[in-house]
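I opened my notebook to work through this structure one piece at a time. These are my entries, in the order I looked things up.

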Amino acid sequence: MIGQVFRRELLLAWRRPGDTLLPLTFFIIVGSLFPLGVGAEPALLRSIGPGAVWIAAVLATLLGLPRLFAADQHGGALEQLLLSPAPLALLVAVKVLAQWLTSGLPLALAAPVLALGFGLDFRDLGVLLAGLLLGTPLLNLLGAISAALTLGLRGGGALLGLLVLPLYVPVLIFGSGAVQAAALGFGAGANLSLLAAMLVLAVVFAPWATAAALRISLD
Amino acid sequence: MSEFLAMGGYGAYVWPSYALAALVLGLNAWLPWRRHRRLLRERQTRPET
Amino acid sequence: MFGPTLDRLAAPKFFYPFAGRLLPWLGTLAAVLLLLGAGWGLAVAPADYQQGDSYRIMFIHVPAAWLSMLTYMVMAGGAFVFLVWRIKLADMLAKTCAPLGAAFTALTLVTGSLWGKPMWGTWWAWDARLTSELVLLFLYLGLIALRGAIDEPQRAGRATALLALVGVVNIPIIHFSVEWWNTLHQPASLTRMAGPAIHPAMLTPLLLMIAGFTVYFVAVLLQRMRCEILEREQQARWLTELDAP
């Protein structure tokens, strides 16, 4: 059952390349807004670069969150998930993993390209990539809770965003902080370790909370 | 007295703070009190089911 | 005769009159504490040698901040009780806490800004505690928005309860990350300004205000819950018995 769900998610994403490309395009566009908004002075861009890329990644992730459960809800597949013998938390984890593989991971991989536009050097790009590889699954895991809570509600994406953005604050701080710390010579280890710790906690608890939220939303 | 009001030159910051606190606390106390009385009144005027 | 046990209190039937009896006492006590504390803080306590008279905002700002946190804890407690034991009164408690908590948080932010302006020259500096309070405000607003977006009361209560618990787990993490962020960037700090040790003459009015705010919080909470009970339990027989004089 679990393998089935996973394969189905990947197949759906393959059939709808927009699910991957749209957040990616949005990511690049939002990232590009920063120089347009603050001016293209190189020193300024280098200093806001890490934060800007991370913010763009957060917003692009937000864009894709409603999709996590929306398609299933229309087809009645969501109710099937709830009735299946497999633990709901595990099924949720698998869905989130699939979403990360098809939209979060591409974001992380595209980030260095965007970051070049801010004039970050190669070492910083490495830290940025590492941070996003740890952070994007975190964003997807936390976002799933909010997506489950707001299933089918009016206010839609904006409400989802309002609920989840405060939870994203630590991710943003440590992810962006890692690059800034590396640039200052302090090393990114501390920030990245904190991100990793948060990821572990999220992998354990977020699917469970999401499953509870799904039950609340669908009962 | 005017010394008290001036608050060492910081009067423009101190008094609005206290005024805002009084407003927030006052409103949050008065509104439920008013709502309670309205609910009780509605119970009286509502026809018994 | 120690009064109703917690079990009996969980029933609106007993809670309503019990709260009603407590309210006048709590209200009076809160008023006394607040007036005494404010008067003492404004007129009796000496001026700070560094900040002059502007520090007196602390007597509003610190209790408000304390209450903004306390309210969330109480709300999370109610949320937990509601999710686990399905006690409706706990949901009423949680529902009541959200707007109150948001009000305390907003008061904390505005007074923080007013306190900081003469010191920093700007209306807002990204001080660690103020930034944490700002995120707390967003958490409260999210809870209010979620409850407002759901029409079915059962789902509304349980969804906001879950969100409150997710929030309470994240608050220490958010707070820690904001402190971390602050040390990296080092803007001005209100907490540093307040000084490592508080002059004893300033401590008494501060404690009076904190106590006053807390008693006030309990009183308003009880009153609002009584309103909730009236709205939700409209048909209940015990209410009709209360009506008949």
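**Entry 1: one helix in chain A**

I began with α8(A), which has 29 residues. From its first C-alpha to its last it reaches 40 Å. That is close to the 42 Å expected at 1.5 Å a residue. I kept in mind that this is a predicted model.

Next I looked for a bend. I found a kink of about 45° at Leu165(A) in α8(A). The kink lies shortly before the proline Pro166(A).

Is α8(A) enclosed or open, and why? I checked burial: 22 of its 29 residues are buried, so α8(A) is largely enclosed by the rest of the structure.

Then I looked past the end of the helix. Just after α8(A), Gly185(A) takes a positive phi of about 95°.

**Entry 2: where chain A meets chain C**

I turned to the contact between chains A and C. It takes 22 residues from chain A and 22 residues from chain C. On the chain A side, α7 (122–149), α8 (156–184) and α9 (189–218) each supply at least two residues. Which helix gives the most to this side? It is α8(A), with twelve residues. So the kinked helix of my first entry turns up again here. I sorted this side of chain A by class: 17 nonpolar, four polar and one charged residues.

**Entry 3: where chain C meets chain B**

I moved to the other contact of chain C. It takes 28 residues from chain C and 22 residues from chain B. In chain C, α2 (12–44), α4 (88–120) and α8 (200–232) each supply at least two residues of the side that touches chain B. α4(C) gives the most, with nine residues. By class, this side of chain C divides into 16 nonpolar, five polar and seven charged residues.

Which of the two touching pairs has the most contacts? I found that it is chains B and C. I also checked chain A against chain B. No contact joins them, and their closest C-alpha atoms lie 25 Å apart.

**Entry 4: chain C as a whole**

I listed the elements of chain C. It has nine helices and zero strands. Of its 245 residues, 47% count as buried.

I then asked how far along the chain its contacts reach. Among contacts in chain C with a separation of 6 or more, 79% are between residues 24 or more positions apart.

**Entry 5: one arginine**

I picked Arg147(C), which lies in helix α5 (residues 128–149) of chain C. Is Arg147(C) buried or exposed? It has 20 C-beta neighbours inside 10 Å, so it counts as buried.

I looked up its partners, leaving aside neighbours within four places in sequence. Arg147(C) is in contact with Lys95(C), Ala156(C) and Thr160(C). I also checked Glu228(C), which is 81 residues from Arg147(C) along the chain. The C-alpha atoms of these two residues are separated by 15 Å.

**Entry 6: confidence**

Last, I looked at the predictor's scores. Chain C averages a pLDDT of 88, and 89% of its residues score at least 70. Where in chain C is confidence lowest, and where is it highest? Helix α7 (residues 190–193) is lowest, at a mean of 50. Helix α3 (residues 58–85) is highest, at 96. For the complex, the predictor gives an ipTM of 0.92 and a pTM of 0.92.

Definitions and conventions
Residues numbered from 1 in each chain as written. Chains lettered and ligands numbered in written order. Predicted model: local features only at pLDDT ≥ 70, side-chain atom pairs only at ≥ 80, totals over all residues. Contact = placed C-beta atoms within 7 Å. Helix = DSSP H or I, 4+ residues; strand = E, 2+ residues; numbered from the N terminus. Nonpolar A, V, L, I, M, F, W, Y, C, P; charged D, E, K, R; others polar. Buried ≥ 20, exposed ≤ 12 C-beta atoms within 10 Å, placed from the backbone. Expected span 1.5 Å × (residues − 1). Bend = angle between axes of the 7 residues up to and from the residue. pLDDT = per-residue confidence, 0-100.
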